[in-house]
Structure formats: structure tokens, C-alpha cells
Amino acid sequence: MANELEKTTYRFDTQRLRAGYDPKEHNYAVSPPIYQTTSFDFRDVEHAKALFGLRELGNLYTRIGNPTVAVLEQRIAALDGASGAVALSSGMAAVSYTLLNVAEGGGRILTSPYLYGGSADSFKKVYPKFGITFDFAKNIENPEKLAEEIKPDTKAIYVESISNPNGVLLDIDAIAKVAHEHGIPLIVDNTVATPYLYNPISHGADIVVYSATKGLTGHGNVIAGLVLESGKFNWQSDKFPQFSEKYYTLRDINDNNRSFLEVFPEAPFTGRIRFNYLNYFGAALSPFDAYLVLIGLETLSERIEKQVRNAGILAEYLKTHKSVEWVRYPGLKDSPYHELAQRDFPKGAGGILSFGFKGTTEQREAFLNSVKLFNYHVNIGDARSLIVNSPQTTHSELEPEEKKIADIPENLIRISAGLEDPADLIADLEQAFEKANT
Ligand SMILES: *Cc1c(COP(=O)(O)O)cnc(C)c1O
């Protein structure tokens, strides 16, 4: 689906509405149609052979590709400046396929202590059984010392651009430099920031992963994930033989076996995820869900802009409240991440903030039981404002010692700012604080 739009220099707000889709190629339908079909007919036997040999890229079977899903892949690739993208059925599928693809056969991943709960827990519980071990870096915030923690079999560095629930920001440029000096890629989970607030590739990331479930779609109605690549990393190295390995399934017209680097020179990483992991492990995004993500993307900029504004207003309100011990939001002037926020997040440092509830456990629970407008659940990035006690829910997998390292105190309450009138949100928190204190 070659598209004139991708080759132009349209800006972000135009691309999020139009990249990857040309109505002329879809019966002039304005909104991307949902191609709700399992398979696609071959024109003839030659066509079937060409598709199976990847000599021609086209639609074959929806598990490995679908026109609606392809619009989403091309659109997000345009927004992030990526050379390739693959959509998957969840953020966790994006994380796991990425890590398996990079560290196939075993090795180590150097990572940050500030991670999504599901990532942190799977890193220590699941991957070691596949020969992939994680080192939780002590120096992720001191990149000049980070090199000391890279071992001979370290295959990648993995971080989040804005961590949840803490809002920790990292110097991604400096971390990328360390990774590249050691011939390994930097993988960035950009879920909380979304491409509207942060472009990891322009800061040196090689692979970007998203849970599109969150701010990207923004309506709390879909589970989806994406993996993108910069196209700049050199995979032709002894550390990553899987990209040079020749496969019979990738043979050319003269029956010579080929590698993913030969077949997808610009996007070997996502090409390999599609044809090995998505194809055989099967976490395919449905065309309908891809459509929902596309609809969400159409308003990405306006939603995130307002969420950032509401998060800032809520942070300032909470700072002055007597029942609040502390507030963490990188947009606040007294945040330890304020300087990085100013430098790398000119449009704001996200819609997530957290605060320490001052009071007993009973009071904290009474407060949560008393909110009426905020939704009490584990999602983030929704158009509605959400609240949750992360240490007891989203990050309850972490053992006490790990919570200490990840800096998640027991009294932490996380807010994901939505699009409501901030005065209503403040009034809701105010009445809940009052109930907790009586
Ligand atoms: C939610 C989330 C994930 C997992 O995504 P799902 O779509 O729920 O599978 C991964 N990383 C981060 C930062 C998340 O917030």
C-alpha cells in the first residue's frame, strides 16, 4: 500500500490523521474500512508463490497482515519516524516479541528499575526460563557509569521514556550513546509519553514499543500493541546472528535461501517479528481493534495536550492539600526531573501523576472508596480521569525490597488525568479527602 503521504513532509498533526491511508485505494472511503476477513485470494499460482517467498509483499492471511492493520502500522511509523512497524494484540505482546527477537538464544538485558508492573514481573519470572536474564541497572540515572553494567552477553538496554506511576524521566540520548558504544540497541517503551510528547528515535532509540491500549487510543476500549524500529541499528553483528541466518522460507527466485537482513534491509527487526513471532506465536491485532486505535489517533494531540494541562492543575492542587505528603509530576518546578522535562518534553511530561496520601491505611482506603467521578481501575491514558492505589494493584507483584528500589511507597496513589473540567475533578478529590478525614 504505497502511499504518497508518507513521502511528504506533512507535520505531526496532519500525519496522525492521514499517514498510511489513501482513499483512492479503498473505494474512496474517507474512514479506513475494517477489512474483516481471514484470508485474501491469490490472483493465480504465481502470485501465491511470490507471496509465500516474500518476493512480493501483499495480503495473504490476517494473522500476519491486514489492510486495516497496515494503515495503523504505517501511520504510527510516520508519527515516530520509524522505518518499519508491526501491530500486535497487546502491549505485552509488543514487549515480549521485542525481547525474544533481540535476545533469541539467550543473553542479558540491562533494564531500569522504573518499569510497568507487568514488564518488571515478567522480566524476573518468565524470561529467565527462556535463557534471558535481566539486570536492573543501578546507574540508569547516571549514564556515565552505566557502561560498567554492560556484560559481554548483554543484548540490549530496555527503558521507559516516562515511567509509571513515578514519572521518572531518563536521559535517553545519553543512554543510547552508551548502548551504541557497546554495539547493542536501546529499546524504549514510549507508552506513557505517546509520540505526541516524545520521539524516542530522534533521541537515539533503535526500537520503540507501545501499549496502544493507553494514551495512543485513549478511550479505554481496546487492547493493542506496536513495535517500531529506527532502521539505523547495525544488526549485522556476531551478537545478533538471527538477522543474518538464511531461511528456506525466504528463498529468492533462483532458490537461494535469504536472511531477514537481505529481505528487509530497512526493517529487519519488525520484519522478523512479523514473520517469525507474529506468524508462529500469533498475537495478531484484529482489524476492528486496529480501526479503534486509528480513530483514537485522530485526536491524539488534542487529548494529550489537555491531559497534560489537567495533570498540571491537579498536581498544583494536591501540593497544597493537608492530606498530601508529596506529589510527583515531572511538570512541577520542584520535581527532580524538571530539568529533563524542560529539555526533552517541550509539550509536557505526560498526564500521569502520583501523590503520597497522608493518613492511616484506613483513611487512604476510605478516600479511594469515596471518589465518585474518577474511575477506580488500572488503565491509564483514558479520556476519563482514573485513580488507583498502584502499590496494592498494578505494582502489587513487586516484593517489598523491589518496591523500595522502584521507589513506590505504600501510600502512593496514581492519577491518570482525563479530559473533564478540572474544577469537577478537584471537587471530587476534595469531597473524598473530607470523607477520609471524618
Ligand atoms: C499497559 C502497559 C504495557 C502493557 O500493555 P497491554 O496493552 O496492557 O498489554 C506495557 N508497558 C507500559 C508502560 C504500559 O503502561
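1. The protein chain comprises 17 helices and twelve strands, taken as DSSP runs (helices H or I of at least four residues, strands E of at least two). This is a predicted model, in which local features need pLDDT of at least 70 and side-chain atom pairs count only at pLDDT 80 or more, while totals for chains, interfaces and linings use all residues. Residues are numbered from 1 along each chain as its sequence is written, and side-chain values use heavy atoms, without hydrogens or water.

2. The radius of gyration of the protein chain is 22 Å, which agrees with the value near 22 Å for a compact globule of 438 residues. The radius is taken over C-alpha atoms, and the globule rule is 2.2 Å times the number of residues to the power 0.38. Along the principal axes, the C-alpha atoms fill a box of roughly 80 × 55 × 35 Å.

3. Of the 438 residues, 59% count as buried (under 20% relative accessible area, 1.4 Å probe, protein chains only).

4. Around the ligand there are 14 residues, of which Gly91, Asp189, Ser211, Thr213 and Lys214 come nearest (a residue is near if one of its heavy atoms lies within 4 Å).

5. A backbone N or O atom of methionine 92 lies 2.9 Å from a ligand oxygen atom. A polar side-chain atom of aspartate 189 is 2.7 Å from a ligand nitrogen atom, and a side-chain N or O atom of serine 211 is 2.8 Å from a ligand oxygen atom.

Terms used:
A polar contact is a pair of N or O atoms within 3.5 Å; within protein, one must be able to donate a hydrogen and the other to accept it, and residues adjacent in sequence count only if both atoms are side-chain atoms. Buried means under 20% relative accessible area, exposed over 50%, partly exposed in between (1.4 Å probe, protein chains only).
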